[in-house]
Amino acid sequence: LSTQSTWGPHVHYNLKVQPDRLQMGPCVDCQNSDENWICLKCYQCRCSRYVSAHAHQLFDKTRYGPTPVDSVDPEADGHCMALSWSDLSVWCYTCENYVKHDLLFPILQRAEAIKFPNHQQPSIASSQTQIFITGFVYSPLTEKHCADTTRHYESPARTEKILCTLSEMCILSKCKTLHSRQANKNELLLVHTEEYVEKLLKSAVDPEVRESMKREDVYINEYSAEAALNACGGLLELVSAVCRGEIKNGFALTRPPGHHCKRGEAGGFCLLNNIAIATEFAKQRFGLTKIFIFDFDVHHGNGVQEIFYEDSSVLYISIHRQGQAAGDYSEEGLHTNVGKDKGRGFNINIPIPYREGIEPFGDADYLALMDSLVLPIATAFDPQLVLVCAGYDAAKGDPTGGQNLTPTGYATITSQLMKLANGRLVMSLEGGYLLSIIGSCVAETIQTLMGSAVKTTIGTRITTDTLILVSKLRQYYSKHWLCLKDEEDLSNVDENGDEDE
């Protein structure tokens with residue numbers, strides 16, 4: 001199963017296959033029960049005499065261009081594949097070749113269980129590792145959310161590139177792939193206003209509503225609501241699996257992103273605040289009382305901040321650039337915004353200076369911020385679950401970021417977060433727009449979640465600006481977190497003082 005074929009046309013197609021619908025049966029055309037194949041689109045059985053014509057007919061109806069974005073038919077599913085009940089092989093009738101790939105594991109596992117219900121010996125599927133510590137969720141329906149122009153940064157090409165990279169590196173077969181679902185209205189209302197939820201749902205059928213929701217930083221089409229609901233629902237399924245102990249951690253390949261969406265307003269490419277909904281979902285469904293949200297997207301998660309600004313059960317820490325561009329949310333991302341009332345001290349902003357003359361922050365700088373600020377505060381908070389707004393736009397070369405993080409840097413950050421909450425960690429894709437690097441960034445992140453050793457960060461140094469920032473923020477946040485105080489300062493704290501941690 002590790003053998004790779006030309007996988008581009010098959011990625012989206014295969015992830016839509018539902019293994020539970022596989023059933024053995026006679027040929028629907030001639031009732032022959034020998035040497036039958038099952039079409040992985042319609043799930044009908046046909047013998048060798050009829051299956052080829054059927055497959056080519058389906059492909060003619062759903063023909064792909066060079067990429068899924070170029071498809072004439074939005075329902076197109078790529079090349080047509082069929083599973084042989086004789087030897088449990090998969091044949092592509094367009095490529096005229098066998099398709100061997102790790103993504104086929106769930107399909108083969110189900111087919112083998114049907115054909116050999118009492119089989120006890122390892123074979124095609126059961127020879128694979130059955131114990132998963134990392135979950136993965138993705139819905140192809142999210143690809144229908146796309147802008148009028150193919151040049152938009154937040155495009156289906158992002159997840160297409162990530163999926164291809166994960167497939168080429170044989171990563172997905174080592175994860176527990178979960179089925180996505182639509183988040184329901186009650187789940188959305190955990191954080192969003194009813195007025196906003198109704199507007200989003202109506203956008204699927206009402207062009208005027210869609211026009212009213214569009215902004216300079218928000219696009220929306222007739223499929224966007226469906227995409228957002230499935231992205232959010234998939235994340236909730238992943239959080240549920242971690243909270244139930246079925247897996248240790250997981251990664252949700254979500255589109256559209258979410259951390260800029262406020263209670264009643266879309267923003268920054270975001271239509272639903274996925275992480276915020278997942279946080280309230282975990283609190284209410286599983287009774288969690290302390291959740292840590294870490295945001296390493298290069299842009300401040302102003303939506304997450306707004307939703308939990310007065311909530312002491314949620315610690316939100318964001319490392320983001322502090323610039324003058326509209327997407328920087330400079331006023332909201334100031335370090336002085338620490339929360340309000342019961343939530344005071346539980347909103348931690350770590351703004352990276354971003355202006356002419358300031359050297360971009362790289363791996364060593366981010367790790368210094370992790371060691372000196374993020375991890376001490378998060379450890380003192382002692383969360384039951386860690387949720388991550390995983391934006392990869394601080395990667396070197398990203399057109400929207402201006403920073404110098406590498407895939408290894410992201411992997412190291414992930415390994416540090418795994419030390420919290422007994423390793424219960426769920427990451428959800430946010431930004432990241434450089435197609436040449438986003439696949440590698442996500443791949444190394446997931447490999448780290450699976451337990452792979454992190455490579456040593458090479459050729460980086462801590463900048464002077466980082467040292468200044470660390471000193472400034474440790475002093476400022478020590479008013480709320482005693483773990484940041486120096487020993488000399490701790491000795492001067494009155495036993496009944498106002499310092500709170």
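What share of the 501 residues of the protein counts as buried? In this predicted model, 56% of the residues count as buried, where buried means under 20% relative accessible area, exposed means over 50% and partly exposed lies in between, with a 1.4 Å probe and protein chains only. Residues are numbered from 1 along each chain as its sequence is written. Because the model is predicted, local features need pLDDT of at least 70 and side-chain atom pairs count only at pLDDT 80 or more, while totals for chains, interfaces and linings use all residues, and side-chain values use heavy atoms, with hydrogens and water left out.

View 1. Helices (H or I, at least four residues) and strands (E, at least two) are DSSP runs, numbered from the N terminus. Among the contacts in the protein with a separation of 6 or more, 72% join residues 24 or more positions apart, a contact being a case of heavy atoms within 4.5 Å. The accessible surface comes to about 21300 Å², and 47% of this area belongs to carbon and sulfur atoms; the Shrake-Rupley method with a 1.4 Å probe gives these areas, and for residues only the protein chains shown count as cover.

**View 2. Arg255 and Glu154 form a salt bridge, with their closest N and O atoms 2.6 Å apart.** Arg255 lies in the loop between β8 (249-252) and α9 (274-286), and Glu154 in the loop between β6 (134-137) and α4 (157-168), so the pair ties together parts that are 101 residues apart in sequence. Arg255 is buried, at 0% relative accessibility, and Glu154 is likewise buried at 0%. A salt bridge here is a side-chain nitrogen of Lys or Arg within 4 Å of a carboxyl oxygen of Asp or Glu, and by this rule the count comes to 17.

**View 3. Lys214 and Glu211 meet through their side chains in a salt bridge of 3.1 Å, N to O.** Lys214 is partly exposed, with a relative accessible area of 32%, whereas Glu211 is exposed, with 52%. Elsewhere, salt bridges that share partners join Glu143, Glu154, Arg158 and Arg255 into one network.

**View 4. The largest nonpolar core has 63 residues.** Such a core is a set of buried Ala, Val, Leu, Ile, Met, Phe, Trp, Tyr and Cys residues joined through side-chain atoms within 4.5 Å. The residues with the most contacts inside this core are Phe251, Phe292, Phe294, Ile350 and Tyr392, and its largest share, ten residues, comes from helix α11 (residues 363-381). Leaving aside neighbours within four places in sequence, Ile350 is in contact with residues including Ile317, Ile319, Leu369, Leu373 and Leu469. A second, separate core of 47 residues includes Val137, Ala228, Cys232 and Ala276.

**View 5. Helix α6 (residues 194-202) has Tyr196, Val197 and Leu200 buried.** Seen down the axis of α6, its buried residues fall within an arc of 100 degrees, so they line one face of the helix; the arc is that of the directions from the helix axis to the C-beta atoms. The cover over these buried residues includes α5 (185-188), α7 (207-213) and α8 (224-243).

**View 6. The structure holds zero disulfides.** A disulfide is a pair of cysteine sulfur atoms within 2.5 Å. For Cys42, which is in no disulfide, the nearest cysteine sulfur is that of Cys39, 3.7 Å away, and Cys42 is partly exposed, with a relative accessible area of 25%. The sulfur of Cys47 is 3.7 Å from the closest cysteine sulfur, in Cys30, too far for a bond, and Cys47 counts as buried at 4% relative accessibility.
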